[in-house]
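Please keep the sequence and the structure in view throughout.

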Amino acid sequence: MRPPGFRNFLLLASSLLFAGLSAVPQSFSPPSLRSWSGAACRLSRAESERRCRAPGQPPGGALCHGRGRCDCGVCICHVTEPGTYFGPLCECHEWVCETYDGSTCAGTCHCGRCKCDNSDGNGLVYGKFCECDDRECIDDETEEICGGHGKCYCGNCYCEAGWHGDKCEFQCDITPWESKRGCTSPDGKICSNRGTCVCGECSCHDVDPTGDWGDIHGDTCECDERDCRAVYDRYSDDFCSGHGQCNCGRCDCKVGWYGKKCEHPRSCPLSAEESMKKCQGSSDLPCSGRGKCECGKCTCYPPGDHRVYGKTCECDDRRCEDLDGVVCGGHGTCSCGRCVCERGWFGKLCQHPRKCNMTEEQSKSLCESADGILCSGKGSCHCGKCICSAEEWYISGEFCDCDDRDCDKHDGLICTGNGICSCGNCECWDGWNGNACEIWLGTEYP
């Protein structure tokens, strides 16, 4: 038998234990769901894994972020790899935050994530790496973001119509309507939806700093070179599958290849040399520089323009038109790119009448250039108009004062054969653009 004092001791201990447990808050949960060390877990396996899985992750997802093991609903984090994992679900690590543009987190690295410095509470510093600082958009004078004339995104101002500058501090000297008109692309979109309109001029997005041209270029950002790549890689020059030339976002395929990105080989019984020879004919260039050679046959362009024709595209009736589109000055007919003048008219565009109602002095007074020299010394005067020397084919202009060699060339042709050289500048025909009229803007391309 046990002594009576021992029984009294047990009653006292039981009372104290009951009182202690009654004082524990109802929300208290024990650190372990095992009765004692080594005992079986009181949670089901599914419930244990659910507690070790990040919120929103489906069953079967990584436990403890893949950085630890799950022990009865509690994550035991790995510490064997460089750095130490920690946190309820091993979501934090002690090494530096990810980098942006070669620099470590611009704020404070907390639990493996960037915490941006916004001590003033304005939230102007943000981003995954705190790389965006809209304080750079604040105008020094007005202390307003973008001077009150635009919106700031990641430290850059996007100005309202009629304003420009790094902080939208300058007002355009043209009306918003004029600015919009200057930025409207051939398809009717502002900067082709690929740029920003600044006072009538487009600033194209994604300009490549490593070269003269970005992936997107053109007066109205109408050209997108990315369309020429089978798989877009900004730092790769693999245009048109390596089988063509990219022309304003459209592939001009080499002989033997076709497709939107020159990805399909075309079978041809002729060799490349034989094909080119048939397409060249008596011209210096295949298809006279006005078409594409495929298996010895020329496809003249632009598509659907019946003014360019012939077996080797040797006829270009656009050459019979002046800058206003008048054929042979209204005094003749065009035959294979040459004007056949009516009786009483002569000249390359039938622009000169054979009879003249002026005196010789009156005529010469109209042919004198600003320096007082008759037709700049490079032509003759007829009825108040200069006829430039035929021996120097490149001399042109009202007073024979222009040199057509100053116009840009492409594929060996002045203005690529798609425009008229007007005193050193190419005036492109409809559907063509570029300094040398080398960019086709139509909906089709051969």
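Strand 11 (residues 150–153) and strand 12 (residues 156–159) run antiparallel and are joined by four bridges. Here strands (E, at least two residues) and helices (H or I, at least four residues) are DSSP runs, numbered from the N terminus, and two strands pair if DSSP finds at least two bridges between them. Gly150 has Cys159 in strand 12 as its bridge partner. The hairpin that strand 11 and strand 12 form has two residues between the strands, and within this hairpin Cys154 adopts a positive phi near 55°.

The model under discussion is predicted, and local features need pLDDT of at least 70, side-chain atom pairs count only at pLDDT 80 or more, and totals for chains, interfaces and linings use all residues. Residues are numbered from 1 along each chain as its sequence is written, and side-chain values use heavy atoms, with hydrogens and water left out.

Cys334 faces Cys339 of strand 28. Two residues separate strand 27 from strand 28, and Cys336 in the turn has a positive phi of about 50°.

The unreviewed UniProt entry assigns "domain: Epidermal growth factor-like" to residues 137–168, 237–262, 320–350 and 407–437; the positions are given in the numbering used here, feature names are shortened, and annotations may be inferred rather than shown by experiment. Residues 137–168 are 0% helix and 31% strand, with their end C-alpha atoms 9 Å apart. For residues 320–350 the figures are 0% helix and 32% strand, and the end C-alpha atoms lie 9 Å apart.

Most residues other than glycine have a negative phi. Ser192, although not a glycine, has a positive phi of about 55°. This serine is located in the loop between helix 3 (176–183) and strand 15 (195–198). Ser192 is buried (under 20% relative accessible area, where over 50% is exposed and values in between are partly exposed, with a 1.4 Å probe and protein chains only), its own value being 8%. Ser288 likewise is not a glycine and has a positive phi of about 55°. The loop that holds Ser288 runs between helix 4 (272–280) and strand 23 (291–294), and Ser288 is buried at 9% relative accessibility.

How many salt bridges does the model contain? With a salt bridge taken as a side-chain nitrogen of Lys or Arg within 4 Å of a carboxyl oxygen of Asp or Glu, the count is 13. One of them joins Asp224 to Arg194, at 3.5 Å from N to O. Asp224 belongs to strand 18 (residues 223–224) and Arg194 to the loop between helix 3 and strand 15, so this pair ties together parts that are 30 residues apart in sequence. Asp224 is buried at 6% relative accessibility, whereas Arg194 is partly exposed at 23%.

Arg135 and Asp133 form another salt bridge, with their closest N and O atoms 2.8 Å apart. Arg135 is partly exposed, at 44% relative accessible area, while Asp133 is buried at 18%.

Salt bridges also link Arg45, Glu49 and Arg53 in a network. Glu49 is partly exposed at 23% relative accessibility, and Arg53 is buried at 10%.
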